[in-house]
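Q: Please take a close look at one side chain in this model and at what surrounds it. Then go on to the charged pairs and the backbone.

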Amino acid sequence: MGTWSHEPFGNDAANDWAHDLDGRKDFSLIDQAMQRVIDSGPEYLESDFAVEAVVAAEVLAMALSRGTQSDAYTEKVEAWLQSIAVKPEAALFIKAQRALARILDKDSELRDLWEESDEFESWEASIKALQQAIGD
């Protein structure tokens with residue numbers, strides 16, 4: 001996985017996932033990303049699932065006009081959000097909060113990978129900012 005930033009869209013996997021929003025008319029892909037993380041339970045959480053949930057949470061933040069990242073990588077999602085008529089349900093934000101907390105917790109491969117880097121604090125702050133953006 002190519003990673004160039006601690007931001008939600010700062011890696012290839014996140015951008016590949018976001019490409020799959022094209023043609024969708026609802027938030028089901030976001031829901032699936034969150035559910036995979038939650039379904040991992042106490043088992044070791046694979047980084048691929050975590051990366052998708054982080055970028056999915058960013059999409060939710062963007063739906064509230066509270067995105068934590070705005071650049072060329074987010075333009076396609078901004079256009080997608082403008083093209084759909086539905087809004088995310090409150091339960092999806094609760095699910096996203098649970099998923100982000102799980103990603104920050106122990107037994108998370110994504111957390112482990114960032115802890116091995118010099119950018120762990122920036123990554124952790126980014127996830128916490130995202131939690132705040134999708135919170136109350």
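A: Two residues are taken to be in contact when they have heavy atoms within 4.5 Å of each other. The model is predicted, so local features need pLDDT of at least 70 and side-chain atom pairs pLDDT 80 or more, while totals for chains, interfaces and linings use all residues. Residue numbers run from 1 along each chain as its sequence is written, and side-chain values use heavy atoms, without hydrogens and water.

Lys76 sits in helix α4, which covers residues 75-83 (helices are DSSP runs of H or I with at least four residues, numbered from the N terminus). Leaving aside residues up to four places away in sequence, Lys76 touches Asn15 and Ala18. A polar atom of the Lys76 side chain lies 3.0 Å from the backbone oxygen of Tyr73. For scale, Phe120 is 44 residues away from Lys76 along the chain, and 27 Å separates their C-alpha atoms.

Turning to the charged pairs, the whole structure contains 5 salt bridges (a side-chain nitrogen of Lys or Arg within 4 Å of a carboxyl oxygen of Asp or Glu). One of them pairs Lys95 with Asp31, where the closest N and O atoms are 2.8 Å apart. Asp31 belongs to helix α2 (residues 28-39) and Lys95 to helix α5 (residues 90-104), so this pair ties together parts that are 64 residues apart in sequence. Lys95 counts as buried because its relative accessibility is 18%, whereas Asp31, at 29%, is partly exposed.

Another salt bridge joins the side chains of Arg36 and Glu52, with an N to O distance of 2.7 Å. Arg36 is in helix α2 and Glu52 in helix α3, so parts 16 residues apart in sequence are tied together here. The relative accessible area of Arg36 is 30%, which means that Arg36 is partly exposed.

Because Arg111 lies in helix α6 and Glu124 in helix α7, the pair ties together parts that are 13 residues apart in sequence. Both partners are buried: Glu124 has a relative accessible area of 19%, and Arg111 has a relative accessibility of 18%. Through shared partners, salt bridges join Arg111, Glu124, Glu115 and Lys128 into one network.

The backbone has two points to note. Most residues other than glycine have a negative phi. Ser65 is not a glycine, yet its phi is positive, near 60 degrees. Ser65 is placed in the loop between α3 and α4, and it counts as exposed because its relative accessibility is 71%. Asp107 also has a positive phi, of about 60 degrees, without being a glycine. The loop between α5 and α6 holds Asp107, whose relative accessibility of 36% makes it partly exposed.

Notes:
Helices (H or I, at least four residues) and strands (E, at least two) are DSSP runs, numbered from the N terminus. A polar contact is a pair of N or O atoms within 3.5 Å; within protein, one must be able to donate a hydrogen and the other to accept it, and residues adjacent in sequence count only if both atoms are side-chain atoms. Buried means under 20% relative accessible area, exposed over 50%, partly exposed in between (1.4 Å probe, protein chains only).
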